[in-house]
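Me: I would like to learn how to read the features of a protein model, one at a time. Could you take me through them?

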Amino acid sequence: MYPDLGLLIIRVFLSLVVLAYGLQKVGFLGGYGFKGTAGWLDSIGFKPGSLWIWPVVIAEVVGTVLILLGLGGPIGPGILAADLTVAAIGFHSPNGFWNANGGWSWISALAATAFSLALIGFGSYSLDSALNLTYPDILLPVWLIATFAVAVVALIVHRMNEPAPAPAAGTDAS
């Protein structure tokens, strides 16, 4: 068995996929950049979008780079798991399960992968291992509680500001 190689493959795949989404949010790879993404966040109820763009970018860019490098223990995977959980619940869940419909299946699989890396660690093919970095045992539960507390706040803000559904066709909206 080659668990360290498996962890490296998981880290590389997860990081490159989510990093691409994060880079779009800052204006690369055909994305809308900070201003456009902040406006989109506003439009779906994450207000103010100019505030919420920062945790998203930190999770999807900084968090994925930490995962890719295998650096920082549970810090990168924790913030990424929280970010993707908010995306799954706050944006994708109304579209059902299937990814083809914009549903929550794919984003949840990525969130579960990040969460699993936070619990398991990066393996020996990582900067943490190469630099012989260790982290106090308390870091994992404290960090996960803190990041998911922010996720809960984001979901509450979203729920409070969620746009009203459009009226059904043929009904009087007045």
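Predicted model: local features only at pLDDT ≥ 70, side-chain atom pairs only at ≥ 80, totals over all residues.

Me: How many of the residues of α4 are buried?

Reply: A residue counts as buried when its relative accessible area is under 20%. In α4 this applies to 13 of the 18 residues, so the helix is largely enclosed by the rest of the structure.

Me: How many aromatic pairs does the structure hold, and how are the rings of Trp 40 and Phe 91 placed?

Reply: The structure holds six aromatic pairs. For Trp 40 and Phe 91, the ring centres are 5.0 Å apart and the planes stand at 75 degrees, and because planes over 60 degrees apart count as edge-to-face, this pair is edge-to-face. The pair links distant parts of the chain, with Trp 40 in helix α2 (residues 33-43) and Phe 91 in helix α4, 51 residues apart. Trp 40 is partly exposed, at a relative accessible area of 35%, and Phe 91, at 30%, also counts as partly exposed.

Me: How are the rings of Phe 97 and Trp 98 placed?

Reply: The ring centres of Phe 97 and Trp 98 lie 4.8 Å apart with their planes at 85 degrees, so this pair is edge-to-face. Phe 97 counts as partly exposed at 38% relative accessibility, whereas Trp 98 is exposed, with a relative accessible area of 58%. Ring pairs also bring in Trp 104, linking Phe 97, Trp 98 and Trp 104 into a cluster.

Me: Now the pockets: how much space lies in the largest pocket, and which residues are closest to its centre?

Reply: Rolling a probe the size of a water molecule over the atoms shows where empty space is left. Here, the largest pocket holds about 860 Å³ of space, and of the 38 residues that line this pocket, the closest to its centre are Lys 25, Val 56, Glu 60, Asp 83 and Ala 87. Helix α4 supplies the largest share of the lining, eight residues, and by class the lining has 26 nonpolar, nine polar and three charged residues.

Me: What volume does the second largest pocket have?

Reply: The volume of the second largest pocket is about 250 Å³. Among the 17 residues that line it, those closest to the centre are Gly 73, Pro 74, Ala 118, Ile 120 and Gly 121. Helix α5 gives the most to this lining, with four residues, and the lining divides into 10 nonpolar, five polar and two charged residues.

Me: Finally, how many residues does the largest nonpolar core have, and which element gives the most to this core?

Reply: In soluble globular proteins, nonpolar side chains tend to be buried together. In this model the largest nonpolar core has 15 residues, and those with the most contacts inside it are Leu 14, Val 18, Ile 67, Leu 80, Leu 84 and Leu 110. The elements that give two or more residues to this core are α1, α4 and α5, and α5 gives the most, with five residues.

Definitions and conventions
Residues numbered from 1 in each chain as written. Heavy atoms only, no water. Buried < 20%, exposed > 50% of the residue type's maximum accessible area, 1.4 Å probe, protein only. Phe/Tyr/Trp six-rings, centres within 6.5 Å; stacked < 30°, edge-to-face > 60°. 1 Å grid on protein atoms, 1.4 Å probe; cavity = no way out; pocket = protein on both sides within 12 Å on 5 of 7 lines; lining within 4 Å. Points joined across faces, edges and corners; volume = space filled by probe spheres on them. Nonpolar A, V, L, I, M, F, W, Y, C, P; charged D, E, K, R; others polar. Core = buried A, V, L, I, M, F, W, Y, C linked by side-chain atoms within 4.5 Å.
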